[in-house]
Amino acid sequence: MAELGSKGVTAGKIASNVQKKLTRAQEKVLQKLGKADETKDEQFEQCVQNFNKQLTEGTRLQKDLRTYLASVKAMHEASKKLTECLQEVYEPDWPGREETNKIAENNDLLWMDYHQKLVDQALLTMDTYLGQFPDIKSRIAKRGRKLVDYDSARHHYESLQTAKKKDEAKIAKAEEELIKAQKVFEEMNVDLQEELPSLWNSRVGFYVNTFQSIAGLEENFHKEMSKLNQNLNDVLVSLEKQHGSNTFTVKAQPRKKTKLFSRLRRKKNSDNAPTKGNKSPSPPPDGSPAGTPEIKVNHEPEPASLDTPGAAIPKSPSQSSLPAVVVETFPATVNGTVEGSAPSKRSDLPPGFLFKVQAQHDYTATDSDELQLKAGDVVLVIPFENPEEQDEGWLMGVKESDWHQHKELEKCRGVFPENFTEKVQ
């Protein structure tokens, strides 16, 4: 019997819930059709709008914070691999090996500590902040349902009172249901009217604390990382002093000049000076002129008025240790792409202007057709008149200052090594 009673109660609850849903659906339809008035509370609706906005912003912040943490973890892994690489290439007999191992260990610990503190002081706080929204959202939805119940009970009571044949028993029961529905609604409404504005105002302090925590942790992390980097720099400076004779410098690619380019250059030199050897200039750290490597140029047979085919170019003393380079022709390229850009027609730029580059290193010209560059010089890059004249790794251009002064390409254009510059436009 108890079981039947239990089933009966359950069935009764189900029937009651179904009836409530039907009543609410009917009430909403009548309200939408304008056949029944709806209780409005503009102040509460504004609070709900603020709540939804706050939830959206908080959810986005949580997502971006997780992305930030994932990036920190990825940087940690990348940094770890980089320091491991340094440890592998650092030979046992080099000074500072123990120091580099210690720096690598501290680097790893610093990244781990930074990530964990971000989780503890930012992400967990973020999760706690957002944890209160689902319950409030559920209560807002429930309040909405109770408001419909209240309006439905009110309309039912009013219809019984205005009926031609009044049934006092039904009116009394409807009034009782109205009072009950009103009480339930108002209890929920009062609580939310207090909580929603308070929650909305709390966002300012939360955002401040969150970003202050992130900023403080990042600042301390970079301070500690800066110390480690300085220590590593000191170790490497010590290594460089011991092996200072093998300093790495920036070098230009050798110019592999073709016969056609050689003829063009001879025509340009009015004094018919002998052709200088090909070179691979490289500015040392102090900006002094670089040494010139040996270049051998092999030509096909040509008229006797030109240089002897296959002759070796005279070498300077600094060239003896460098290999010879055989002539090859390359397609005209600019920064690794085939030449073909449409020429510019602007009057303040040279004909055929392609783009601007800025010298990152000093370059000492070693031939009459080359540009002398200082770090910071801006060069206007133009195409070669004949693409076959362009050597791999070399560009044709005119310094911007010379162009504005002379406006004549023949006086100031020249070739220069591309890897001594950086594209700026």
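## Strand pairing

Two strands count as paired if DSSP finds at least two bridges between them.

## The chain as a whole

The structure described here is a predicted model. The secondary structure of the protein chain comprises eight helices and seven strands. Of the 425 residues in the protein chain, 35% are buried. The chain exposes about 26300 Å², of which carbon and sulfur atoms supply 54%.

Contacts across the sequence are also of interest. Among contacts in the protein chain with a separation of 6 or more, 72% are accounted for by residues 24 or more positions apart.

Strand β5 covers residues 394-399, and six of its six residues are buried, so the strand is largely enclosed by the rest of the structure.

Strand β5 pairs with β4 and with β6. Strand β4, residues 378-382, runs antiparallel to β5 and is joined to it by four bridges. Within this pairing, Val379 has Lys399 of β5 as its bridge partner. Strand β6, residues 413-417, also pairs with β5 in the antiparallel sense, here over five bridges. In that case the bridge partner of Trp394 is Pro417, which lies in β6.

## Helices α2 and α4

Helix α2 spans residues 42-89, and helix α4 spans residues 133-161. The two helices pack with their axes 12 Å apart and at an angle of about 150°. Angles over 145 degrees count as roughly antiparallel, and α2 and α4 are therefore roughly antiparallel to each other. The crossing in which α2 passes α4 is left-handed.

Residues from both helices take part in the meeting of the two. On the α2 side they are Phe44, Val48, Phe51, Gln54 and Leu55. These meet Phe133, Ile136, Lys137, Ile140 and Arg143 in α4.

## Thr83 in helix α2

Thr83 also belongs to helix α2. Its relative accessibility is 17%. Buried means under 20% relative accessible area, so Thr83 counts as buried. When its neighbours within four places in sequence are left aside, Thr83 is in contact with Ala104 and Asn107.

Conventions. Residues numbered from 1 in each chain as written. Predicted model: local features only at pLDDT ≥ 70, side-chain atom pairs only at ≥ 80, totals over all residues. Heavy atoms only, no water. Buried < 20%, exposed > 50% of the residue type's maximum accessible area, 1.4 Å probe, protein only. Contact = heavy atoms within 4.5 Å. Areas by Shrake-Rupley, 256 points an atom, 1.4 Å probe, with all protein chains shown as cover. Axes fitted to C-alpha atoms, helices over the stretch in contact; angles between N-to-C directions. Parallel < 35°, antiparallel > 145°, perpendicular 65-115°, else oblique. Left-handed = near helix turned anticlockwise from the far one by under 90°.
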